[in-house]
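Hi,

Here is the structure I promised to send over.

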Amino acid sequence: MKMQHIEGQNKGKVVLFALSTCGWCKKTRELIEDLDADYEYVYVDLTKGEEREEVVEMVKKWNPQLSFPTLVINDDKTIVGFKEEEIKEALG
Amino acid sequence: MNNFDEPDEQEVDSFYKKVKADAESGGYHLNSDVEFTKELLKSILINKKRYGYGACPCRLASGTKEEDLDLICPCDYRDPDLVDYDACYCGLYVSGKILSGERKLQSIPERRPTEEERKQHQSSQSETFKNLSKPVWRCNVCGYLCARDAPPEVCPICKVSSDRFERFI
């Protein structure tokens, strides 16, 4: 599965599962970039076939509801939805 | 980034006017942040081109209409989310309290059941009822009820198509 990498300061491993059409996902990306954190993201709605299955299983592992945005920090902490304060606290 | 033709500004603008007029005539409100709202409406137009139906832009569509009927905008979850959180899941529709600034718009929890739960719900629905002269149909978007042999082609209240109705009684 191909992740897009956005460069920034190293604040741990930051992975964002998002949808290309979703307003809250866009706000989440903007916030992470304002906080200048290095991160990887994937637009799950643009994946197909096996790649889609693979990424869906991965998201479900962190967030069984399969909702977006799902932000995973250091393969440990999951933040579901555009939770501004929580994201700032984790990446600020 | 994606292979689909993005709708142009004019297309988004006329869709915005239509959705806004429909919302207001039914007592609903669109988010007053026009830029955010138009971005969501543009995404719905992208989904219409991509899937053939206007799936919710903030949820993962399957690409199969029958599996996604509940998340075609306006989705089945808009009304309960307006009651509980003053906004729909995307923040496209908001309550009067948010419109007036009394409440602040924020990202809300997902209430759509998981795929497994949705399948269970479907299979538990086959039960039918009693000695009514007509079955009763319910619009899953706005709750409109009618007793007739089949649901109407278009909901007279919220204008969604007949496939958004389910047998209620």
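What pattern does chain A follow, read along the sequence? The order is β-β-α-β-α-β-β-α, made up of three helices and five strands (DSSP runs numbered from the N terminus: H or I of at least four residues for helices, E of at least two for strands).

Before the rest, some housekeeping. This is a predicted model, where local features need pLDDT of at least 70 and side-chain atom pairs count only at pLDDT 80 or more, while totals for chains, interfaces and linings use all residues. Residues are numbered from 1 along each chain as its sequence is written, with chains lettered from A and ligands numbered from 1 in the order in which they are written.

On to the two chains. 17 residues of chain A are in contact with 15 residues of chain B (contact: C-beta atoms, placed from the backbone, within 7 Å). The chain A side has nine nonpolar, six polar and two charged residues (Ala, Val, Leu, Ile, Met, Phe, Trp, Tyr, Cys and Pro are nonpolar; Asp, Glu, Lys and Arg charged; the others, Gly among them, polar).

In chain B, helix α1 (residues 9-25) and helix α2 (residues 34-51) have axes that come within 9 Å and cross at roughly 105 degrees (lines fitted to C-alpha atoms over the stretch in contact, with angles from 0 to 180 degrees between N-to-C directions). Among the residues that meet there are F15(B) and V19(B) from α1(B), and L41(B) and L45(B) from α2(B).

Finally, the C-alpha atoms of chain A fill a box of roughly 35 × 25 × 25 Å along the principal axes.

Cheers

Technical notes: Two residues are in contact if their C-beta atoms, placed from the backbone, lie within 7 Å.
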